Structures are given as C-alpha cells and as structure tokens.
Amino acid sequence: NRRIPRNADPATIPQTMKSIFAAGAIVAVLIVLSGTLYTVGEQEQVIITRFGQPVGLPVTEAGLHFKAPFIEDVNRFEKRIVQWDGPSSEMTSKDKLFIMVDSFARWRITDALAYFQKLRDERTAQSRLDTIFGSEVRNIVAKHDLIEVVRTNKTRKPTPDDSAVAGKVGELPPILFGREVLEQEVFRAAKKALAEQKLGIELLDLRFKRINYKSNVLEKIYLRMTSERDQ
C-alpha cells in the first residue's frame, strides 16, 4: 500500500519497488510458516486432519512439528487424567426403594485416533460416558438391597455407646457385600462396556459420591424417625 510520491527521483523508483516486493515476500513467507508449524505441549496429544479426515498417527511427542499449510488442521486432546462427574440420577434398589445416586469417575484417552473418530471432542465423550456409566450404576444398584449400597463393607463394626440400652441397639444388620464391592462391580462392567465400544478411553476409577432418598421419601423417613424417638 506504499505510494510513490509524484515528485520522486526516477532513479529511486526501482529501489522503492524492490523494497515493496521484498516486504510482500517476507509477509507471504511468514503466513506460510505460521500455517506449517505447530507445537504440542507435554499435557496434550494431537490429531492432524485434512479436510476433516485424520492423517497419520496421533502426535504425542511434545515439541515443534510440521504440517501442510492451509489444508491440514490441528486437533488437540488431553493426555492427562480427565474427570467425569455424573448427574444425580433416580434409580430403584432391589428392595424397591427409590433413591438418588451421584457417582464420579476418572478416565484418560489412550487411543486419540479412535477417540477422534468415535467422539470428536470432550463434550461428546462426557455425554457418552453419562450414558454408559449411568446405565451400569443403575444395573448394579437394582441387583442389591439399599443397605448393601449404603454400608461401606460387611466387616464394619459400630462404635460402642455406653448410653445404649441392652438388646440389639447399636448392632448393624448383616450384609453380603457392601458399597466397596458394588463399586468394583460397576467399575468392571463400565470398563468392559468402554472396551467393547472401542472409544479410545481407559477407565481408571468409578465410585459413588452421594446416595440419598428422594425428597418426598426422605420427608416420610424423618417423620417415622421422629415418631420412633417419641416412643
């Protein structure tokens, strides 16, 4: 956009034009280089796509890398552990009690190419995990009584209370499994489901975060507890 003055010396015009062309060439080279070079961080992995289709293997080595300018794009994915915090879901235990269950999990991408082809991004992945993990939690809870979900394990002993009256006060009813065993059942089932769907995801841990009755059921339970205390 540089203009040559009308009264400029004719001898300086060729030199001016050369400067303009040189500046334009430098800008063009910088544009090409900016589209050719990209960096990969220690905490990420990259899939290169050409017109939306993956090209080659995932790039997992940190540092400076090259790609074809303009026609290839960089898609970045986490290499670190990612958390899944499931929504609170209503489900029924084996003894027909309606409860609300919150669960959480930790996972990571082990095959970025399969992950990209099946899910594309983390938002879609989290939505798919909601379905898979939520279904497995519901299946396991439905196979056991509520006390099995609530109690940590079958070896737990109550803390003695000197003020307790004689009888069975303070004794815990017997259970067969306990929440820790049920969590492992859910973990194994969810991990198997992920492997079958080949999503490129490895499940590292899955646990119950919160278990409670529905609000209307909880109110009735509090009323019953109050009645028992009054008696």
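## Close-up views of a predicted model

View 1. Arg76 and Glu44 form a salt bridge in which the closest N and O atoms are 2.8 Å apart. The pair joins distant parts of the chain, with Arg76 in strand β5 and Glu44 in strand β2, 32 residues apart. The model is predicted, here and in every other view. Arg76 has a relative accessible area of 41% and is therefore partly exposed. Glu44 counts as buried because its relative accessibility is 14%, and the cut-off for buried is under 20%.

View 2. Three strands, in the order β3-β2-β5, make up an open sheet with antiparallel pairing. Its edge strands, β3 (53-54) and β5 (72-78), each pair on one side only. Strand β2 (residues 44-50) runs antiparallel to β5, and seven bridges join the two. Within this pairing, Arg50 stands opposite Glu72 of β5.

**View 3. A salt bridge between Glu78 and Arg80.** The closest N and O atoms of the salt bridge between Glu78 and Arg80 are 2.6 Å apart. Glu78 has a relative accessible area of 26%, so this residue is partly exposed. Arg80 is also partly exposed, at 46% relative accessibility.

**View 4. A salt bridge between Lys214 and Glu90.** The side chains of Lys214 and Glu90 meet in a salt bridge, with an N to O distance of 3.4 Å. This pair links distant parts of the chain: Lys214 lies in the loop between β9 and α6 (215-230), Glu90 lies in strand β7 (residues 89-92), and the two are 124 residues apart. Lys214 is partly exposed at 23% relative accessibility. Glu90, with a relative accessible area of 38%, is partly exposed as well. A search of the whole structure gives ten salt bridges.

**View 5. The largest nonpolar core.** This core has 34 residues, and the members that touch the most others are Trp107, Phe133, Ile201 and Leu206. Two or more core residues come from each of β6 (82-85), β8 (98-109), α2 (112-118), α3 (122-142), α4 (146-150), α5 (179-197) and β9 (201-213). Helix α3 gives the largest share, seven residues.

View 6. When neighbours within four places in sequence are left aside, the contacts of Ile201 are Trp107, Arg108, Thr110, Tyr115, Leu119, Ala125, Leu129 and Leu194. Another core of five residues lies apart from the largest one; among its members are Tyr38, Val40, Val46 and Ile48.

**View 7. A nonpolar patch on the surface.** Leu37, Leu64 and Phe66 form this patch, and together they have about 310 Å² of accessible area. Phe66 belongs to strand β4 (residues 63-66). Its relative accessibility is 61%, so Phe66 counts as exposed; the cut-off for exposed is over 50%.

**View 8. Two loop residues with positive phi.** Arg120 has a phi near 75°, a positive value in a residue other than glycine. Arg120 is placed in the loop between α2 and α3, and at 42% relative accessibility counts as partly exposed. Lys198, also a residue other than glycine, has a positive phi near 50°. The loop between α5 and β9 holds Lys198, which counts as exposed at 59% relative accessibility.

**View 9. The whole chain, for orientation.** The protein contains six helices and nine strands. It has 231 residues, of which 29% count as buried. Among contacts with a separation of 6 or more, 69% are between residues 24 or more positions apart. The protein exposes about 15500 Å², and carbon and sulfur atoms supply 54% of that area.

Technical notes:
Residues are numbered from 1 along each chain as its sequence is written. This is a predicted model: local features need pLDDT of at least 70, side-chain atom pairs count only at pLDDT 80 or more; totals for chains, interfaces and linings use all residues. Side-chain values use heavy atoms; hydrogens and water are left out. Two strands pair if DSSP finds at least two bridges between them. Helices (H or I, at least four residues) and strands (E, at least two) are DSSP runs, numbered from the N terminus. A nonpolar core is a set of buried Ala, Val, Leu, Ile, Met, Phe, Trp, Tyr and Cys residues joined through side-chain atoms within 4.5 Å. Buried means under 20% relative accessible area, exposed over 50%, partly exposed in between (1.4 Å probe, protein chains only). Contact means heavy atoms within 4.5 Å. Patches are made of residues with over 30% relative accessible area and no salt bridge: like charges are joined within 9 Å, nonpolar side chains (Val, Leu, Ile, Met, Phe, Trp, Tyr) within 5 Å. Accessible areas come from the Shrake-Rupley method with a 1.4 Å probe; for residues, only the protein chains shown count as cover. A salt bridge is a side-chain nitrogen of Lys or Arg within 4 Å of a carboxyl oxygen of Asp or Glu.
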